[in-house]
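Me: I have a structure on the screen and would like to learn how to read it. Can we go through it one feature at a time?

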Amino acid sequence: MDLRAVDAEENGFGTTISIKYIDKPGLGRIALLNALLFVATLTLYRFWAKTNVRRHIWSCVHINGEPLEYTGRGRELFLGALIVFGLFFLPVILILAVLRLSLGPQHPLLVVFNLFLFLIFLLFWGMALYRARRYQLSRTLWRGIRGALVGSSWTFSLLYFATSLLSFMTMGWSTPAMNLNLQERMTGDMRIGTMPFRFKGRAGPLYGAYALCWVISLVTFILLTLLLVWGVYSASGGSLPTFLRDYAKTDAPPSQTVVIVTLLALFAGFMIVSALLAMIWTFYRAREMAIFASYTTLDRVRFRLDATGASLLGLVLGNLLLVIFTLGIATPFAQQRLVRYLCRRISIHGTVKIDRIMQSREPLGRTGEGLADAFDVGGI
Amino acid sequence: MHAGARFFDGETARDHAVTLELLPEGLAIEGPAVARRVWSFAGLIAITPMRAGYPLRLGHDAFPGARLVVTQESFARQLVLSAPHLAGAPNLKRAGRLAAIIVACALFAIGVTYGTLSYAPQALAFVLPESWRDNLADQVEATFTGNGKLCGTSADNPLLRILSARLQEDNPEAPPFELKVYDIDILNAFALPGGRIIMTRKLIDAAQAPSEVAGVLAHEIGHVYHRHAEAQLIRAMGIELLLQVISGGGDSISGLAGLLAILRYSRDAEREADGYAQDMLIKAAVDPLGLKRFFEEIKKLEGRQGSGGGLFGAMSDMMSTHPVTDERIAAIKPLPQGVVARPVLSDAEWAGLRQICE
């Protein structure tokens, strides 16, 4: 009989922390059942599906030998979504329908209303992110101790709103600094029981990777645009000026083939540009993740995340293919790959005074993630 | 029976080594740093279902957050004998109750939805403001006629005005309507919201006599009178709203499917419009047998072509939007004895109408 506590105290300095992802069978069955019921219930099962997947993946993450435990319920997610739909989407849909009916579909007031809606959505986006994180933390137990997020979702959503607007106004150059602010707030509000995470660091180191990605994006965009113009030029038989003049003539509408070819070229160009840009920015994201991890501390523990652009790109592309070629059925496995990636690449240095991790006293909300489900930003 | 285990008290994250003892009344837990306590069997919860090769993780109803990890399999098996619910066996009573609740909720939801969609749209159709009806009509007309040519409307074309006025004779309660003839490649006639009636050139071409066109027009006026188009549109919006509720504000139904839903009236609606047409034709002294003959022709025509042509084919034939059945044909009665049919249009006017799109 072994009566020794597992966490050895190292000369009174606390306990070292290790994270391991230990696979266990059963996710395939969950994925299949989820896909089946998802279709059978006209997507309504998605709340319970999400819960099943989380329960499985959480229980594979072992911290110092004890797995995480997910205690969320599908019912809570369902109620949250129902409330948000009733308070938020239903009024919007009804107002939009009445406006369209009473004013006709082309009225300028509709454009104003849509713009207004866009701003409202942007304002609520950050709140959705924050509340989803809060729900997930409050439903995550380690050794029976709950996680928590103790700040105000309003403050976070305002900060998020400002970040988006500033990013737009500065052509993106405010993003690293503002992302740092967002992360600082989110991480600083996070708790394991009563023990706070801390986040401290400067945005400077982010800017090298950011500038590189920004410039490469610009060059890629310009090159592809030139390529597209050149393509249309050669397709028009080398007579671009005539082609453009013909195209602009109002009395002679362009032939259907020309219109279709142009639209297809534009669409293909747009897809290629988006895909390339997303790939380029993965490198920045990896750098940001690694730096943010290095700015994070818990008690006397420091984190290191070995996220590289290439590995993250491999993960993202692999997940994309996995989801597309299984028609979404393998989505849980894509989520598992992400969590496993993080667990394998994170290393933890230093010690934690385990006794100082006390049970959280934050109240448990009864519903969860309504907005996040609506905006589809709930993460896993 | 005794076993060693790990215990978390739910107050701190500290792990404690404890000894377990199976008692008749429950599970006794005691360790160097843990005061002796007994967990009742009934309150035990398996955090993950028991599985060979994995430790059994337990919680207890009365102590949220407290966790007990039993690694010794023989002890876990022994424990399950006293608390069978930990084995993860399906709880049939609970599953049955849950299934009953789900089925009851689903039936109730379907009932309410069906009832609402059947009756509410027809009632709402009569309280829609005029301007809304016009807006709706603009949208549907634009979608449906595309860039087909407008040959004339009863507002400016004298022949269409005469035809319309002819039907309104002795029908003072007839709703206001506007008849529009389009040159599009389908054979059909439909009533839009706001009293707009669309007739295609192919329909006029297919008719043998003015009384046939008048019969079809009377039928469409019946739809206008009962506001079937408005009701159908409201119904379609209701269905779209319902789909959005289910999918959480996601995709809406496609425009085409929506249009099909709008234009395909129920049998009851067709019967109502037929009945209205019959009354209207008799009052205006137009031979209802024209409508009857036209229906018979359509039925023959459609029978020859067979059904097919996909979604577009289905939309373009009259059978799909106004299914002509023998029952409907049989329901059309001739003018009563003593009523003499008056001509709908003169020969010259009829010839002019047939060339309206030239």
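Reply: We start with burial, which needs a cut-off: a residue counts as buried under 20% relative accessible area and as exposed over 50%, with partly exposed in between. Keep in mind throughout that this is a predicted model.

Me: Is A:Q359 buried or exposed?

Reply: A:Q359 has a relative accessible area of 13%, so this residue is buried. A:Q359 sits in the loop between β11 (346-352) and α12 (370-375) of chain A.

Me: What does A:Q359 touch, leaving out residues up to four places away in sequence?

Reply: Residues of both chains. In chain A the contacts are A:G144, A:I145, A:R146, A:G193 and A:T194, and in chain B they are B:G10, B:E11 and B:G65. Two backbone oxygens lie by polar atoms of the A:Q359 side chain: that of A:G144 at 2.9 Å, and that of B:G10 at 3.2 Å.

Me: How do I read the confidence of the complex and of chain B?

Reply: The predictor assigns the complex an ipTM of 0.78 and a pTM of 0.77. For chain B the average pLDDT is 82, and 87% of the residues score at least 70.

Me: How should I read a sheet, and in which order do the seven strands of chain B lie?

Reply: The strands of a sheet pair through backbone hydrogen bonds, in a parallel or an antiparallel way. In chain B, seven strands make an open sheet with the order β4-β3-β2-β1-β7-β6-β5, and their pairing is antiparallel. β4 (34-40) and β5 (44-46) of chain B are at the edges with a single partner strand each, so one side of each has no neighbour in the sheet. On average, neighbouring strands of this sheet are turned by 30 degrees against each other, direction ignored.

Me: Which residue of β3(B) stands opposite B:L22?

Reply: That is B:L27. The strands concerned, β2 (residues 16-22) and β3 (residues 26-31) of chain B, pair in the antiparallel sense over four bridges.

Me: Which helix lies across these strands?

Reply: Helix α1 (residues 73-82) of chain B lies across β1 (2-8), β2, β3, β5, β6 (56-60) and β7 (67-70) of chain B, and runs at about 45 degrees to β2(B).

Me: What is the pairing in the open sheet of four strands in chain B?

Reply: The pairing there is mixed, and the strand order is β8-β9-β11-β10. β8 and β10 (189-192) of chain B are the edge strands, each pairing on one side only. Neighbouring strands of this sheet are turned by 25 degrees against each other on average, direction ignored. β8(B) and β9 (residues 178-183) of chain B run antiparallel and are joined by four bridges. B:T153 has B:K180 in β9(B) as its bridge partner.

Me: At what angles do helices α3 and α6 of chain B run to β11(B)?

Reply: Helix α3 (residues 130-145) of chain B runs at about 15 degrees to β11(B) and lies across β9, β10 and β11 (196-200) of chain B. Helix α6 (residues 210-226) of chain B also lies across β9, β10 and β11 of chain B, but runs at about 150 degrees to β11(B).

Me: How many disulfides does a search of the whole structure find?

Reply: A disulfide is a covalent bond between two cysteine sulfur atoms. The search finds one over all chains. B:C151 and B:C357 form this disulfide, with their sulfur atoms 1.9 Å apart. The torsion about their S-S bond is about 100 degrees, so the disulfide is right-handed. B:C151 lies in strand β8 (residues 149-153) of chain B and B:C357 in the segment after α14 (347-354) of chain B, so the pair ties together parts 206 residues apart in sequence. B:C151 counts as buried at 14% relative accessibility, and B:C357 counts as buried at 7%.

Technical notes. Residues numbered from 1 in each chain as written. Chains lettered and ligands numbered in written order. Predicted model: local features only at pLDDT ≥ 70, side-chain atom pairs only at ≥ 80, totals over all residues. Heavy atoms only, no water. Pairing = 2+ DSSP bridges. Helix = DSSP H or I, 4+ residues; strand = E, 2+ residues; numbered from the N terminus. Axes fitted to C-alpha atoms, helices over the stretch in contact; angles between N-to-C directions. Contact = heavy atoms within 4.5 Å. Disulfide = S-S within 2.5 Å. Buried < 20%, exposed > 50% of the residue type's maximum accessible area, 1.4 Å probe, protein only. Polar contact = N/O pair within 3.5 Å; in protein donor to acceptor, adjacent residues only side chain to side chain. pLDDT = per-residue confidence, 0-100.
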